[in-house]
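This briefing gathers a few computed features of one protein model, arranged by topic. Please read it with the sequence and the structure side by side.

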Amino acid sequence: KQWYQRRVRGAFRNHEQVNPLEDLGLCDLTADVNWRDLAANVGEGVKVHGPINQSDFLTLMGIGERFKQMYGKVPEEKRDSFIHALDFLCSPDQMGARFKVMCITRSSDPTPFCFET
């Protein structure tokens, strides 16, 4: 198997699975990440923050407030789909706990607010 078939769970563009080596930079990759190894090998002069669950990150970044702002603008026939999308992104049994977010900053930079403990 190619390296990307062993590590990358999938590459997606326009909601369809694609080859991750085609149109480089234009698709979303889903990969198995060894977060501990990644954090241990980032190099000098940087700080690692996280990882935290996608649900926690999106909540801290204001997804609930943004949802409320946008909900009234969504056509009534699409509101169920809009609610489903929020649930899919944030629910622990969907993407909320399966996906993680890590931030790497310069050592001199402050801790990003969503990674403060």
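A pocket here is an open set of points on a 1 Å grid over the protein atoms alone, with protein on both sides within 12 Å along at least five of seven lines, and its volume is the space filled by probe spheres set on the points. The model is predicted, and the largest pocket in it holds about 710 Å³ of space. The points below take up that pocket, then the cysteines, the salt bridge and the surroundings of one valine.

**The largest pocket**
- The lining of the largest pocket is made up of 18 residues, and those that lie nearest its centre are Phe 12, Leu 29, Thr 30, Met 95 and Phe 99.
- Two or more lining residues are given by each of the elements β1 (8–13), β3 (28–31) and α6 (95–98), with the largest share, four residues, coming from β3.
- Sorted by class, the lining of the largest pocket consists of eight nonpolar, six charged and four polar residues.

**Cysteines**
- The count of disulfides in the model is zero.
- Cys 114 is in no disulfide, the nearest cysteine sulfur being that of Cys 103 at 7.0 Å, whereas a disulfide would need the two sulfur atoms to be within 2.5 Å.
- Cys 114 has a relative accessibility of 6% and therefore counts as buried, since the cut-off for that class is under 20%.
- Cys 27, at 15% relative accessibility, also counts as buried.

**The salt bridge**
- How many salt bridges does a search of the whole structure find? The search finds one salt bridge, in which the side chains of Arg 106 and Asp 109 meet at 3.2 Å, N to O.
- Arg 106 has a relative accessibility of 55% and so counts as exposed, because that class begins over 50%.
- Asp 109, the partner of Arg 106 in the salt bridge, has a relative accessibility of 21% and so counts as partly exposed.

**Val 42 and its surroundings**
- Val 42 is placed in the loop between α2 (35–40) and β4 (46–53), and at 26% relative accessibility Val 42 counts as partly exposed.
- Leaving aside residues up to four places away in sequence, Val 42 touches Val 48 and Ile 104.
- Between Val 42 and Cys 114 there is a separation of 72 residues in sequence and of 20 Å in space, taken from C-alpha to C-alpha.

Key. Residues are numbered from 1 along each chain as its sequence is written. This is a predicted model: local features need pLDDT of at least 70, side-chain atom pairs count only at pLDDT 80 or more; totals for chains, interfaces and linings use all residues. Side-chain values use heavy atoms; hydrogens and water are left out. Buried means under 20% relative accessible area, exposed over 50%, partly exposed in between (1.4 Å probe, protein chains only). On a 1 Å grid over the protein atoms alone, a cavity is a set of points where a 1.4 Å probe fits but cannot get out, and a pocket is an open set with protein on both sides within 12 Å along at least five of seven lines; lining residues have an atom within 4 Å of a point. Ala, Val, Leu, Ile, Met, Phe, Trp, Tyr, Cys and Pro count as nonpolar, Asp, Glu, Lys and Arg as charged, and the others, Gly among them, as polar. Contact means heavy atoms within 4.5 Å. A salt bridge is a side-chain nitrogen of Lys or Arg within 4 Å of a carboxyl oxygen of Asp or Glu.
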